[in-house]
Every structure is written in structure tokens, then in C-alpha cells.
Amino acid sequence: MEIVFVCLLVFCIIFAFDVMHGRLQRFLLYRRRKGFEQHETYFRSLISSNIRYFNKVDLETQQKWLIRTYLFYRSKKFHYVGVEKSDDMPVLISATAAQLTLGLENFSLNYFRDIYVLQHDYHYGYYSLPFMGHVDSSGIYLSWDNFLQGIRSAQDSSNVGLHEMAHALAYVNFITKTDEDRHFKKEFQHYSKVARPVFQEMQKGRKTLLGDYAATNYHEFWAESVEVFFENPVRFHNDLPELYDAMTRLLKQDPYAVLISRQAAA
């Protein structure tokens, strides 16, 4: 009899926990959704006027992008170092992170609580050359001038926001392992099988659209690949098709297909 009572009690506790947990999740989702609705118009206007790729994707993807931007924005603490804060800064930076991780399940880069925004190039550690951005255990760092130039210029395939978020994505998956995405980790092995030979050839002097900086080390090769993947997908698809395909599998996105479908519909 006691065993039956204990089993019944355990069942009731589990059932009650599931019910309360479900209600809590729905309540939190409701709160987040209400908060997002208050910001949606501003977010959409700001992102669509600054990030070209946003206007290329379909409306469902745009909505997902906006919601993830809001959730990322709410989860971070932004610090402004030698630069005057403006409302667009945290939103556009969050939108860039959301762009990169749009196809992934884990998108918040939870290890990183702090994002530092600086005005110009800056010096870091013992390096002699100035930095446009970097990622380390203390946070994500971005120079605002370079960030803006990256999202607004379509000529140089350079985007420091995407570059640093690519470093942050690799950091949380392979270094801290605090916000691992199983799909990303699994597919990164396939990506590396394709990418390593290209990287090694570039270190021997081969020139590609990824640029010389991609040959610095494999971390930079990955980050530069992300920049070109979104900034110049047509040439990436044509010049390095196997690497491009590996990127589409890894990030579960296909900017080339998005652009081609847009052109066909125009």
C-alpha cells in the first residue's frame, strides 16, 4: 500500500511540475511576444534600411529574424566605450547575430553576456596592428565605424559584425561548450573536410575571393568565409562551389538561392 501511495505521489508531483512548467513557458513566451510587438515596427524599419539581405528573404524568415533579434537584444548588456550611445547600435548588432544563426536552433550565444561597442579601430593586447573587432572570454568587441561600413557597403565583401559573430559562434560551440548546437557541431566536421584543403592551398599562396587574411589561421578562414557567404554569395557559389555547399549545410541557409529566386520573381 505504501509503495502504491509513493508511486501515486511521485506521479502527481511530476504531473504538477509538467503543468506548471508548461504554464511558465507559455507565460514567458507571452511576455516576450508582447515586448517584441512593442518594438517590431522600429526593428523592422531599422533593419530593412540597413541590412540588404533582410529585404531579400521571405516574410516568414523576416519575422523569425526580427523575433530572434529582439531576444538576442534583450539577453545582452551593451557597453559603449569612447562612443556616444544610440538606439540603433544594439539593435543592428543583434540583427547581425540573428542573421548568422537564423538556421540554427541555438542562436543566443549565451556564454557572451557583454558586448562592447567602440567608435574606431582600437589596439588590443600586444598586437601592433589596430583591431576592428575581436572576441575573447570577456565579451564581443566591435568598432562602430567599421560595423556600419560592413553592413552598408556591398563592394568589398567585408562585414565585421558577421565576422565577429562567426568567431563567437565557434567559441560557444568548441571552446566554452556552453551553448552548443548539435547540428552545427556535426556539420562543422563536414565543412572542415572541404575547407581545410582550401585553407592549406591559400597558405601556400593560392588566391581566392576569401582574401589573404583568411590564410592567417583557420579561425580567420572560418570568419572570412562567413562574411563572403552573405556578402558575395553568387561569386562564392561560382568560384568555390563545394565550400559554398558545405556552408549552406552548416548554417542551414542559402543566400545564393535567395538572390536567384528574387531575381526570377522581379
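Here are a few friendly notes for finding your way around this predicted model.

1. **Confidence.** The average pLDDT over the chain is 89, and 86% of the residues score at least 70. One stretch to treat separately is residues 24–30, where pLDDT stays under 50. For that stretch the model has 0 contacts beyond four places in sequence.

2. **The largest pocket.** Next, look for the open space in the model. The largest pocket holds about 980 Å³. It is lined by 37 residues, and those closest to its centre are His163, Glu164, His167, Tyr213 and Glu220. Strand E3 (133–136), H5 and helix H7 (218–231) are the elements that each give two or more residues to the lining. H5 contributes the most, with 8 residues. By type, the lining consists of 19 nonpolar, 12 polar and 6 charged residues.

3. In soluble globular proteins, nonpolar side chains tend to be buried together. Here, the largest nonpolar core has 73 residues, and Tyr191, Phe221, Trp222 and Phe236 have the most contacts inside it. H5 gives the most to this core, with 9 residues. There is also a second, separate core of 5 residues, among them Tyr116, Leu118, Phe131 and Tyr141.

4. **Trp222.** Leaving out residues up to four places away in sequence, Trp222 touches Ala166, His167, Leu169, Ala170, Phe184, Phe188, Tyr191, Met247, Leu250 and Leu251.

5. **Asn173.** Which helix holds Asn173? Asn173 sits in H5, which covers residues 160–175. Why does Asn173 count as buried? Its relative accessibility is 0%, and buried means under 20%, so Asn173 qualifies. Apart from neighbours within four places in sequence, Asn173 is in contact with Asp179, Glu180, Asp181, Phe184 and Lys185.

6. **Helix H9.** Finally, turn to H9, which spans residues 241–251. Its buried residues are Leu243, Tyr244, Ala246, Met247, Thr248, Leu250 and Leu251. What do these buried residues of H9 pack against? Their partners are helix H3 (88–100), H5, helix H6 (182–203), H7, helix H8 (233–239) and helix H10 (255–265). Just after H9 comes Lys252, with a positive phi of about 55 degrees.

Terms used
Residues numbered from 1 in each chain as written. Predicted model: local features only at pLDDT ≥ 70, side-chain atom pairs only at ≥ 80, totals over all residues. Heavy atoms only, no water. Helix = DSSP H or I, 4+ residues; strand = E, 2+ residues; numbered from the N terminus. Buried < 20%, exposed > 50% of the residue type's maximum accessible area, 1.4 Å probe, protein only. Contact = heavy atoms within 4.5 Å. 1 Å grid on protein atoms, 1.4 Å probe; cavity = no way out; pocket = protein on both sides within 12 Å on 5 of 7 lines; lining within 4 Å. Points joined across faces, edges and corners; volume = space filled by probe spheres on them. Nonpolar A, V, L, I, M, F, W, Y, C, P; charged D, E, K, R; others polar. Core = buried A, V, L, I, M, F, W, Y, C linked by side-chain atoms within 4.5 Å. pLDDT = per-residue confidence, 0-100.
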